[in-house]
Amino acid sequence: MESLLQSLLGDNYLTLILYCALPLVFLLLYALLAILGEVKISAWMQDRLGPMRTGPWGIIQPIADVFKLLQKEDITPSSADKTLFNLAPFLSFMSAYAAFAVIPFSSLYVGADLNLGLFYLLAIGSLNVAAIMMAGWASHNKYSLFGAMRAVAQIVSYEVPAAMAFVIVVMFVGSLNFQDIVHAQAGPVWNWLVFGGPKNDVVLAGGTVLAGSWANLVFLPLFLATFVIYYISALAETNRTPFDIPEAESELVSGYHTEYSGMKFAMFFMSEYANMFLVSAVTAVLFFGGWHSPFGAYLGDLVGVSWLVPVEQFGWLAFKGLFFVFAMIWLRWTLPRLRVDQLMYMCWKVLIPFSFGIALLVGLLVILLK
Amino acid sequence: MNHTFESLQEDIASGRLTTDEMVLNMGPQHPSTHGVLRLELVLDGEMVVKVIPHMGYLHRCFEKHAENMTYPQVIPYTDRMDYLAAMNNNHGYVLAVERLMGIELPDRVEYIRIIMAELQRIASHLVAIGTFGMDIGAFTPFLYCFRDREYILDIFEKTCGARLLYNYMWVGGVSHDVHDGFVQEVAAFIKHFRPTVVEVNNLLNYNKIFIERTANIGVLPADVALSYSCSGPMLRGSGVNWDLRRDDPYCIYDRFDWDVVVGTGEAGTLGDCWDRHMVRVREMEQSCRIIEQALASFPEGDVTSAIPKKIRPPKGEIYTRVENPRGELGYYVVSDGTGNPFRVKARGPSFVNLSVMDDISRGHLIADIVAILGSVDIVLGEIDR
């Protein structure tokens, strides 16, 4: 992809910027779709119609929302710490967007093909905590502060089981590179990690061969449990129901972004939606074959149009990511919210011991089966 | 200096180490104070040390107004007290005036009043159940409850033209006879309504997270409930078998066969938030039973024949109480023999139930305050009057 752009535009900064901006374009389009999805899906679940007036079936409602937010007065409370207050939403979005650098959208497009992709994702994802803390502290509002304290405690806690889920996958694949993890799941649906990993030998990016066999089926229950652990942690890290405690509407009004309005609020909103897709895409990459087609073959290969293959791959990743985003929306409109101590209990006394146990088992099995 | 956990605890206990308490102002503009209640929370971290409810943001001088009105003119003011249960408010007031005047009502009026009061109870409980779910974070059951409440409001609208504030029950009768097809419509509603209760039970009331959030929270022991003079689901949730419809029968409630629902403590401790909530859920079924029996023997007749030409009760005073969806709603009416009441005093259940807030909230977290307040089920219109 990079070489394609370079051949078209030459090797200059413009190419680089365009290359970096591609996920942003995707992200903005996705956000519009996700907002529409959220309002429409919630409406259907609640026996309502949802927005119907803006455009046919209300489909341009998200665009109207964006224009509304652009027109809103941009308020900075007089007692707020202005620097931190104004910086926080952008830092929050930055951390969410920076993480997209390592998401492999297709076999040809990954922003930065880092060898330490998973590690980078964890590190950059944690910046969000700083942004939330800044927002809550700088707002000079007790509700915001409570929201921020809860968010920080929650996100920091849930990074432990999430990181353990990463470790489990890395132990199996033997690489921290996202593309390697996707390559390890090449072929049809039963080669996905959630179904125990590859059943035939696969070649990773660096030329190393990952041995696959049907004996890998023993990993199926372990990876399934890991997937559940990761997805729960992902819900908590993105502050979605049942873990939306930092912005618990009925208690803390809006938590850390109570005092934000206009586009600064929209930035927090965007970063929440970006994070939702991020963790969903990571779920797809780690456990559901990433950009691999579930059939093991691509339409582009069958009809002999080679440029169609990466597009299809992107389509599969987007589809899988959007499915998990849908699942988040689904959960949000079904479940009540946990209390802050129950959330901590869930993390430290349930998810973490289980993830450590699974890590131990997977480690032993990897050694035994090799 | 070497600190251990024990030494720190000692320091705190002996007062050498003081940790600041924080005052958090919850309301009057807050999504879950159910109106314009303001709670002053004294917090130790997220732990609640003290709750001080402040009210008066919606005060409308009901009682003083009543002294300057004729008796029928007071009825619309009672609507606006507990605006989620306006029928029951009407009922209590007109009952007091009727008893002062010694009016005998036609059977049809009594039946209409009972059916309306019970429909209103279901509508009011649906709001309570839905908003309680929303306080816990479940948004969807709220809309299911409101969808079904809409059926009841439609029936009310067809009968008396109003959806929320009816001025329907008049001294000696009701403002309009029920519309054609009323009996069939109410019967159809009940048929539609019963599966919804099951739906809400599955979605919310037996949800593991919901039970975790509400069981053992805000436990109100029976003796405390009695000493605070709590009433309604608040009192029954604590296991006290007391319902004015049965224990101080008014109108024709004694003609029907139904049960008083009390808390069971099956999810946690007797008298916790879940119990109070479930009393409301189960009471709706009992209201359905009463309505069904009333529909089966719904008499014909004139609804305006007993309405007096001149409403001028003889000198005297009376205290009448009815079972409002939120508890005992009492009216103390003093007549000096003129067309205006000398004094009308209302005893509101929400006001009395709210007073127990501080007692049952201490030592809980902020999130629990929301749950407790939701389970008390207050209506600010009636607290402030």
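So, the largest nonpolar core: 118 residues, with B:Y168 and B:Y331 having the most contacts inside it. By nonpolar core I mean buried Ala, Val, Leu, Ile, Met, Phe, Trp, Tyr and Cys residues joined through side-chain atoms within 4.5 Å. Buried is under 20% relative accessible area, exposed over 50%, partly exposed in between, with a 1.4 Å probe and protein chains only. Helix α5 of chain B, residues 107-136, gives this core its largest share, 14 residues. There's also a second, separate core of 94 residues, and A:I35, A:F100, A:I103 and A:A274 are among them.

Quick caveat: this is a predicted model, where local features need pLDDT of at least 70 and side-chain atom pairs count only at 80 or more, while totals for chains, interfaces and linings use all residues. Side-chain values use heavy atoms, without hydrogens and water; residues are numbered from 1 along each chain as written, and chains are lettered from A and ligands numbered from 1 in written order.

Okay, B:S361. This serine sits in helix α14 of chain B, residues 357-361, and it counts as buried because its relative accessibility is 0%. Beyond neighbours within four places in sequence, B:S361 is in contact (heavy atoms within 4.5 Å) with B:V48, B:V51, B:I369 and B:I372.

Now the sheet. Chain B has an open one of 3 strands, ordered β1-β2-β3, with antiparallel pairing; to pair, two strands need at least two DSSP bridges between them. β1 (22-26) and β3 (47-54) of chain B are at the edges with a single partner strand each, so one side of each has no neighbour in the sheet. 5 bridges join β1(B) to β2(B), residues 38-44, and B:N25 has B:E40 as its bridge partner.

Notes
Helices (H or I, at least four residues) and strands (E, at least two) are DSSP runs, numbered from the N terminus.
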